[in-house]
Amino acid sequence: MKAIATNKAPQAKGTYSQGIETNGVIYTAGQIGLDPATGELVQGAMAQVRQVFENIRQVCIAGGGNLSSIAKLTVYLTDLADWPLVNEAMAELFSEPYPARTAIGVAALPFGAVVEMEAIVVAG
């Protein structure tokens, strides 16, 4: 296993890696809408969705992949009414075949985030 790290995504706030690569597959840590430059949560649900995708993109790049390399995406939302925002952002950022995806409604996320995502990425 190899740790994936980049200063272009938020630094780990605990005992975890931004991503782990093993056998050509990257498993990203959950990403919330933290701006890596400030360490602060961006404001607004759509802004958080977009920042999450940017953070995941940067971890993918650091591991030799990109957004189009994502095979599986797991989305955690504190309000499932925000689901259309995820679809809107994905329509802008991805093309077919889209990643497999799971959405889960949760009571709360770290730092008061409204969305968190993690990805399984086929690298290189």
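**Figure 1. F53 is buried, at a relative accessible area of 1%.** Buried denotes under 20% relative accessible area, exposed over 50%, and partly exposed the range in between, computed with a 1.4 Å probe on protein chains only. The model shown is predicted, so local features require pLDDT of at least 70 and side-chain atom pairs pLDDT 80 or more, whereas totals for chains, interfaces and linings use all residues. Residue numbers start from 1 along each chain as its sequence is written, and side-chain values use heavy atoms, without hydrogens or water. One aromatic pair is counted, under the rule that ring centres of Phe, Tyr or Trp (its six-membered ring) lie within 6.5 Å, with planes under 30 degrees apart stacked, over 60 edge-to-face and the rest tilted. The pair is formed by F53 and F94 in an edge-to-face arrangement, with 5.7 Å centre to centre and 65 degrees between the planes. Because F53 belongs to helix α1 and F94 to the loop between α2 and β5 (100-105), the pair ties together parts 41 residues apart in sequence. F94 is likewise buried, with a relative accessible area of 8%.

**Figure 2. Helix α1 comprises residues 45-62.** Helices (H or I, at least four residues) and strands (E, at least two) are DSSP runs numbered from the N terminus. The 18 residues of α1 should span 26 Å at 1.5 Å a residue, and the end C-alpha atoms are 26 Å apart, which agrees; the expected span is 1.5 Å times one less than the number of residues. The buried residues of α1 are M46, Q48, V49, Q51, V52, F53, N55, I56, Q58, V59 and C60. Their cover includes strands β1 (2-4), β2 (19-22), β3 (25-28), β4 (70-77) and β6 (115-122), together with helix α2 (83-93). After α1 comes G64, with a positive phi near 95 degrees.

Figure 3. Contact requires heavy atoms within 4.5 Å, and neighbours within four places in sequence are left aside. Q48 is buried at 5% relative accessibility and contacts G33, L41, V42, A113, V114 and V115. Q51 counts as buried at 16% and touches G33, L34, D35, P36 and V42. Its C-alpha atom is separated by 7.6 Å from that of I32, 19 residues away along the chain. Q58 is buried, with a relative accessible area of 9%, and is in contact with T6, K8 and A9.

**Figure 4. V121 lies in strand β6.** V121 is buried, with a relative accessible area of 0%. Beyond residues up to four places away in sequence, V121 touches G24, V25, I26, T28, C60, N66, S69, I70 and A71. V121 and G63 are 58 residues apart in sequence, yet 9.1 Å apart in space, C-alpha to C-alpha.

**Figure 5. The largest pocket holds about 180 Å³ of space.** Of its 13 lining residues, K13, Y16, G30, I32 and L34 are the closest to the centre. A pocket is an open set of points on a 1 Å grid over the protein atoms alone where a 1.4 Å probe fits, with protein on both sides within 12 Å along at least five of seven lines; lining residues have an atom within 4 Å of a point. Points are joined across faces, edges and corners, and the volume is that filled by probe spheres set on them. The lining divides into seven nonpolar, four polar and two charged residues.

Technical notes:
Nonpolar A, V, L, I, M, F, W, Y, C, P; charged D, E, K, R; others polar.
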